[in-house]
Amino acid sequence: MPASPRRAPFVLRASLCAVALALPLAAAAETITVITSFPKELTAAYKKAFEAKYPNDKLEILNKNTAAGIAFVREQPVGSRPEVFWASAPDAFEVLSSSKLLQKADVANPAVPAKIGSYPINDPEGMYYGQALAGYGIMWNTRYLAANKLPEPREWADLVKPEYFSHLAISSPSRSGTTHLTVETILQGEGWHKGWAQMLQISGNCAAITERSFGVPDGVANGQYGIGLVIDFFGLAAKNSGMPVEFVYPSVTSIVPANIALVAGSKSPEAGRRFIQYALSDEGQQLLLDKQISRLPVLPATYEKAPPGYPNPFAGKIQAKVNFDSSLSESRYYVVRALYDQLVTFRHKELAAATKAIHDAQKRLGGRSSPQLDEARRLAYTPPIDEKQAADKALEAVFKADKKDADASRRRAQVEEEWGSRAKANYAKAIELANAAK
Amino acid sequence: MTTALAAARTPGRSGAWLVALPVALFIGVLLLWPVATVLHAALADGRGGLTLVHLRAFFSLSIMREAFVNSLVVALGAVALASAIAVPLAYLTARFAFRGAALVQTLGVLPLIMPPFVGAVAMQLLFGRNGSVNLLLNDAFGIRIPFMEGLYGVIFVEGLHYFPFILLNLVASMRNIDGAMEEAAQNLGSHGFRLFRRVVFPLALPGFVAGASLVFVKVFDDLGTPLVLNVTNMLAPQAYLRITSVGLEDPVGYVIAMIMVVFSILALWVSARITQGRDFATLSRGGAATRRRPLAGWRAFAAYAWVLLVLALVLSPHLGILLMSVSRVWSFSVLPEGYTLAHYAVVLTDSAGMIGNTLLYCSLAALIDVVLGVAIAWLLLRTALPGRRWLDWGASAALAIPGIVLAIGYLRAFRGVELPFGWGAFTASWLAIMLAYAVRRLPYAVRACVAALEQVHASLEEAAQSLGANRWRTVRRIVVPLMAGGILAGFVTSFITAAVELSATILLVTRESQAPLSYGIYLYNQSIATRGPAAALGVIAVAIVALGTFLSHRLLERRSAAMSSAET
């Protein structure tokens, strides 16, 4: 290639001009570009309804997962950014807001309450708004449970039972923001030690740690797994669309908003505002009640139009015992992710084997207590660091640091290696002890 | 001799240059430069020098090491599975008088009309942990076979889809073996498996390697299948995730892309080496047509059983998506319960645009391909332009470039390039998608056009020119009409393979309104409520592609019939 990289764009522009001439001119209507991680049936419903109400506007959906959406907004030049960002994970909006990529829309619906539990629905600074509510829970395939003669679970604690061994599925918090929220909810609800013990036992009962959060509800809905830990709308939408599944909110759950925000530096902020306002209006909120969408509106009045039995977090139908503390979650965000990966994701085979050995020993002993079994449990289900260590800023910094920081990445690899090899040794020892327990 | 002929008739250099220049520009700007920027990004140290730091960083990440090993395991596993299916089938069709041979031939075209990612979801319902097959097995024998668990699933789906590449190549090379060789072996007392292992297979090795390396490359590059099966710890999905979520500045994404290119080239090179490096020549080609042995008794039974089993497996994804597209609920049951056409209604009302986009992009891309294909064929066979071989090689290089790498290259190389008239960034427009299709499918069109022009005798053009036609008129009135069949074949092949391309598409689609069918299939698959619409789109895609394949077969047949009748 004789052309230098600097010149090539001009060459390209010249060669594209000819093709471009043949393109039809786009209509001059206002286009609102929405970046979202939400599924097609939800975006299709909003597109249809919104365009019917505002015939001069055109809604353009860019479907991206949350992390890809943030990267996309960041890489667009000011003036050609998308108008609206719409996604589940609250931390994504914190990232956008602190990077100055959001602007105030000033279209809050006054009928939306300030808080759900103790969690503010709208960003206190007004940069983003809660547009729907989401809780975490347990979804199961009724046919699967019936075929395997398994009881229906109600609480997280049920999932540690031996009969559920290899019937569960969960995703990893490092691969899925919603799973991270679930794990953090359990850690906050049960406390660090008990929470980890429970998470490890549940994970040990899992048939798979799926690569993506969607793999869990998907696998449960089509019957590949019996029970999954999922965000509520996956369970409710599948159920309401006729899949043989059920969903329940355990008492240790928290309700957090899924958000919508106006992106700073977009082409038509006014039109963007119009869409956000619509999404927060009663009309827009009602779309959430659609069978295939099944999300919880933020507008209490909308629940009056909901079908009977629709969960209403404002009427105490969901007992969310956990008041989700997002700053606590943020302070150990990367540590929890890395810990889960080292203890579970990368060592799942060993953890499952240890869990199986412990279940077998328990059955063999018939309820008698055994010091070896207790020791096996302790080894298998204790996190390598305690809550205080996890909250250590220096530790979090190691994980948060720029990848180019060679020092930090060495330290990080060292910490991860330490956790990982310790977990592996502990699982092996636990198997040995459980097999020898009498 | 051809060169002498061509040299004798070399048209004015300027004419050849005029044709060669745009072709070279196209290949250079849209293929070589983007790939070069990817390789550069993987090796640049940010200060203008080269470094291996990023490569080391890549191998220091455990997830990347895991992805690397997994990709190799899956690609080799798929080759092994594909061979296990294809080798017996090839031997059966090439060496035995056997009526199932016609069936085996049909198997050869099936993967062309449906890429693995379309059928992958259906395979989950049929062969998954609690899919139809395992439910039946569990009922009858209390066992489950983990066809679809993690990497096995990818291997299973890909092997099943790509085995025809090995089958077709192997059958072709077995047909070329001199029958005398086998007869000699038989006279010396070699039979059955020993005959196959010691004589037939070694002689047919070039065909096998050619097919196997193609399978390896295809599987190694495939992004759609692992994504649809929720497997992300492989190289292609990791490259996709890194580039989309960490951003375009992340060197690790480029390192993955570089590794993928290197392995693709390596596989194709090994195949070329093995085919050329050893002397496989047999005395008389295809010789006195190897005697086909009759099959009878239990052998015939076993052969039929094998062919039918493979046929059932190969048809299962097709059948699966068809069932999914009309099923209401299909969960934990052998067959769906309740049938409906609603999914087609959803797709046709919400996503008719995607079907239109596919038709638009693919026809434009295929058009560009055949125009370039004719130009390259003409330069190659009718001019003595220095370096004209390079154009051919350049165009064929696209075969070794994974779609995802090309797309990453576009995103990086053309970042900030704005289209005129306020149409926004080039990489955010559908032009990028369409041009990526054109580049990726160019090798097929070039091969088809070169083959077509080789069959047109130069004397016909000379006759036209001596009757006073100028060069342009000769090309327009004589050459192109005579090449029509080949051009059409090139067009259709480019079109249908582009219609189901996902790996470049998924990175280049920025908005739903410009998304083609293949992206729609991926998008609808992310729905929890129902995957019916995804399956319905899949069925529509298969129908479009099958129709294209059928039409091109018909046209080619008619043409060859016309030609043979003209000769007699």
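**Chatting through chain A**

Student: Which pieces make up the right-handed β-α-β unit?
Tutor: Strand E1(A), helix H2 (residues 40–53) of chain A and strand E2(A) build it. Right-handed means that, with the strands pointing away from the viewer, the path from the first strand over the helix to the second runs clockwise. Helices (H or I, at least four residues) and strands (E, at least two) are DSSP runs, numbered from the N terminus.

Student: Where does the model come from, and how are things numbered?
Tutor: It's predicted: local features need pLDDT of at least 70 and side-chain atom pairs 80 or more, while totals for chains, interfaces and linings use all residues. Residues count from 1 along each chain as its sequence is written, with chains lettered from A and ligands numbered from 1 in the order written.

Student: In what sense do E1 and E2 of chain A pair?
Tutor: Parallel, over seven bridges (DSSP must find at least two for a pair). Within E2(A), Ile61(A) is the bridge partner of Val34(A).

Student: New topic! How many residues does each chain put into the contact between A and B?
Tutor: Chain A gives 53 and chain B gives 47, where contact means C-beta atoms, placed from the backbone, within 7 Å.

Student: Which element of chain A gives the most to that side?
Tutor: H1(A), with ten residues. Helix H3 (66–75) of chain A is among the others that supply at least two.

Student: And where are the domains of chain A?
Tutor: An automatic or database assignment puts domain 1 at 27–133 + 257–315 and domain 2 at 332–438. Their C-alpha centres lie 39 Å apart.

Definitions and conventions
Two residues are in contact if their C-beta atoms, placed from the backbone, lie within 7 Å.
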